[in-house]
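Hi,

Here is the structure I said I would pass on.

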Amino acid sequence: MKPISRKAAKAKGRKWYFTGKPCPHGHVTRRWVSSSGCIGCVKAYRCTPRGRKSLCDAYKRYNSSPLGFERNVRSRNSPAGIEGAYRRRTKNPLTIECRRRNDRNRRDKPARKTWTKKYRSSPKYLAYRRRKYAVSVGRIDTIPT
Ligand SMILES: [Zn+2]
């Protein structure tokens, strides 16, 4: 990072400036032109519970505003957004584990179990199984409906 004064950065229309001097808390990082606030201080603040809450509140406000809503919809429907959703759905171990657990819970529900038991013993299902077996053995070519 090249040192640049706040005035010079402002003249160039930049958002950031960097002096190379430490802030009162000892951070040697970039600063905002608008407020001369130090990034290191903001990072430290956002790690505190209060700072995290304020950041979350800001995101909530933004996402519920018309601008944020439109922006979310656009990013979701863009190629990159679709790709990202696919990646989260299929590659994220947490998501996969969560979905597996949900499926298991749904399958192991008592109501579901009794429904399955009833369905498996119904004549309709038994006829279907018999036809499928016949096909697999080769007695008939296709499953008649
Ligand atoms: Zn600082």
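Below is what came out of going through it.

First, a caution: this is a predicted model, and every value here is computed from it.

Starting with the overall make-up, there are 8 helices and 2 strands in the chain. If you walk along the sequence, the order is α-β-β-α-α-α-α-α-α-α. The chain is more spread out than a compact globule, because its radius of gyration comes to 30 Å, while the globule rule gives 15 Å for 145 residues. You can see that in the dimensions too: the C-alpha trace spans about 85 × 35 × 30 Å along its principal axes.

What about the inside? As for contacts with a separation of 6 or more, 7% of them link residues 24 or more positions apart.

The chain is split into two domains, with domain 1 covering 6-44 and domain 2 covering 51-114. Their centres, taken over C-alpha atoms, are 35 Å apart.

You will find Ser36 in the loop that runs between strand E2 (31-32) and helix H2 (39-46). Is Ser36 buried or exposed? Ser36 counts as exposed because it has 11 C-beta neighbours inside 10 Å, and the cut-off for exposed is 12 or fewer.

Cheers

Notes: Residues numbered from 1 in each chain as written. Predicted model: local features only at pLDDT ≥ 70, side-chain atom pairs only at ≥ 80, totals over all residues. Helix = DSSP H or I, 4+ residues; strand = E, 2+ residues; numbered from the N terminus. Rg over C-alpha atoms; globule rule 2.2 N^0.38 Å. Contact = placed C-beta atoms within 7 Å. Domains from an automatic or database assignment. Buried ≥ 20, exposed ≤ 12 C-beta atoms within 10 Å, placed from the backbone.
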